[in-house]
Amino acid sequence: MGSHENEYYNQDYYQSHCGEEYERGNGWEEVFARHAQRIKREIQPQSVLDVGCAKGFLVEALRDQGIEAFGIDLSEYAVSSVREDIRPFCKVRSVLQPIGQRYDLLTCIEVLEHLEQEETALAIQHLCEASDDILFSSTPFDYAEESHVSVHTPAYWAQQFAYQGFYHDVQYDCSYISVQAMRFRRVQKSSTELIWDYENELFQKHQELLAARQRSQVSQENVQIYREAYQKHVDMINEELNPKIADLQQRLENREEEMQKICKEKDAEIENAVAGLKMQMEQRCHQKLEEEIKKRKILEQQYYEKEEADEQLQCCRIELQQAQTTILLMQQKMEHAEQAYAKRWKAFRTRCKDRLFERRLLKKERSYWNPVFDAQYYAQCNEDIRELVGLDELALLRHFIRFGMREGRRASMEFDIDVYMRCNPDVADRWKFDKRACCLHYLEDGRLEGRRAR
C-alpha cells in the first residue's frame, strides 16, 4: 500500500465512509470504552497492539483501563487526530511491514478487507508473528464500499489463519465487536481435539436454539389463550349491548310507523274537508273560506310537528352511530388493558419467585457454601465487586448468591462453573445453561457424585 492509499484515507473518508461520522463526540468513545472493558475483564492482556487504530479510540480506552496499549495505522490524517496524551503510542505504519515486537493481544478490526487479495496472506503472517492471541473482524457483506477489495466470509479468514497455526476459539464470544468478529489463538491441537471443541460448542448452540424455539412456542400458545379470553370479553359485551341496540332500533321503527299513520290520517282529513267545501261552496262561500283558513293553520302546525319528528329520527340515527363507535373504542381499550395486565403479572410472579428462592439460599449455613465460595478469592478475582461491596465476607457471599452464581463468576480455586458445565453436559442440558442452578446442583449432588469441577 503506497502513498496514494495513505492520501485516500483522509478527512473526507472518515466523514463519509464510516456510517456515522467518525469524529470525537459522536459516540465512538463510548463504543470502544465498552470494547476495552470486555477485553480487560475477559482476556486480561498486559500489552495490546491495535492494527488499523484510525483515530486511536480503542488505544485510549485500553490505556484508560490501565492496559499498555499501542496502535498503528496507514493514515497520517487519522494518527494526527489521536487524543494528545495518546498520540505518542500511535504511529503511521502499514500492516504489510513486519511489526517487529510481540504483544499479549492484537486487535485488527475491519482492516484487511482494504488490502489487495495478494497482500492479505503477508498481513496475516505479520499479525501472527506479533502475538499468539488475535481479535479479528472483517466485513463479509459490504461490497459497495470502493476500498473494500478483499471481502470474504469468516470461513475464508479462519482458513488463512489456520495456515499460520492459529485456530478460531469458538468458545469466546466476540459479538460485542461485530457479528463476524472472531478470536484466533495459536494452539497445538490435533484434528480430533479441534473437532471435539467445535462439536461441543455446536452442540451447546444447538441446545440454545432449541430452548429459544421452545420459548417461542410457549409464547404463541399464550397469545392464543389471550385471544380466546379477549373473544369471551367481546361476546360478554355484545350480549349486554345487543339487546339495547335492538330495543333502540325497534323504537325507531315504531316512531316511523306512527309518523306514516299520522300522515295518512291527515291526508284523509284534508280530502274530506275539500269534498265538503265543494258541496257547500255556493251556499256558504264566505263561511267556508274562514273555515279553510282555520284548517290551513291547523295543517301548518301539523307540518311543523312532522318536521320536528323527522329531526328526532335523524338524532336517533346519529346516537346509534356514536354507540357503535363507543363499542369499538371499548374493545380496543380492553385489549390494551389485558395485554398490559398479562405483562405486569408475569414480571411480578418472576420477581417474587426469584426473591423467595434467594431468601432461602441466604438462610443456609456459611459452611454450606465452602465448596464453591471463598470470600477472599471472590474479591480478588472480581475487582468490580470488591469496589462495590468491599471485603466484608457476608456482603461478598450475598452478592455471590444474588448475582455472582447467575453470572458465572469465579469464587473458589476448587470450583469453576464453566469447567463443571463443560465436563458434565447432562447437567448443562438439564438446567438449560442456568449457571446458578448448575452451581447448586454441584453443592447438592455433583460433589457427592465426584463430578469434575476444576
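With a relative accessibility of 13%, Gln 160 counts as buried. Keep in mind as you look around that this is a predicted model.

Ile 124 takes us to helix H6, which spans residues 120–130. Ile 124 is buried there, along with Thr 120, Ala 123, His 126, Leu 127, Cys 128 and Ala 130. What do the buried residues of H6 pack against? Their partners are helix H7 (154–162) and the strands E1, E4 (105–109), E5 (133–137), E6 (166–168) and E7 (182–186).

E1 covers residues 47–51 and runs parallel to strand E2, residues 68–73, with 5 bridges joining the two. Here you can find Ser 47 standing opposite Glu 68 of E2. Together with helix H4 (residues 57–64), E1 and E2 make a β-α-β unit, and that unit is right-handed.

E2 is joined to strand E3 (residues 90–92) as well, by 3 bridges, and this pair is again parallel. For Ile 72, the bridge partner in E3 is Lys 91.

A disulfide is a covalent bond between the sulfur atoms of two cysteines. How many disulfides does the model contain? The count comes to 0. Cys 90 is in none, and the nearest cysteine sulfur, belonging to Cys 53, lies 4.2 Å away, whereas the cut-off for a disulfide is 2.5 Å. Cys 90 counts as buried because its relative accessibility is 6%, and buried means under 20%.

Cys 381 is another cysteine to look at. Is Cys 381 buried or partly exposed? At 34% relative accessibility, Cys 381 counts as partly exposed.

## Helices H12 and H15

Cys 439 turns up again where two helices meet. Helix H12 (residues 393–407) packs with helix H15 (residues 435–449) at an angle of about 100°, and their axes are 6 Å apart. H12 is therefore roughly perpendicular to H15. On the H12 side, the contact is made by Phe 400, Ile 401, Met 405, Arg 406 and Glu 407. From H15 come Lys 435, Arg 436, Cys 439 and Leu 440.

Key
Residues are numbered from 1 along each chain as its sequence is written. This is a predicted model: local features need pLDDT of at least 70, side-chain atom pairs count only at pLDDT 80 or more; totals for chains, interfaces and linings use all residues. Side-chain values use heavy atoms; hydrogens and water are left out. Two strands pair if DSSP finds at least two bridges between them. Helices (H or I, at least four residues) and strands (E, at least two) are DSSP runs, numbered from the N terminus. A crossover is right-handed if, with the strands pointing away from the viewer, the path from the first strand over the helix to the second runs clockwise. Buried means under 20% relative accessible area, exposed over 50%, partly exposed in between (1.4 Å probe, protein chains only). Axes are lines fitted to C-alpha atoms, for helices over the stretch in contact, and angles run from 0 to 180 degrees between N-to-C directions. Angles under 35 degrees count as roughly parallel, over 145 as roughly antiparallel, 65 to 115 as roughly perpendicular and the rest as oblique. Contact means heavy atoms within 4.5 Å.
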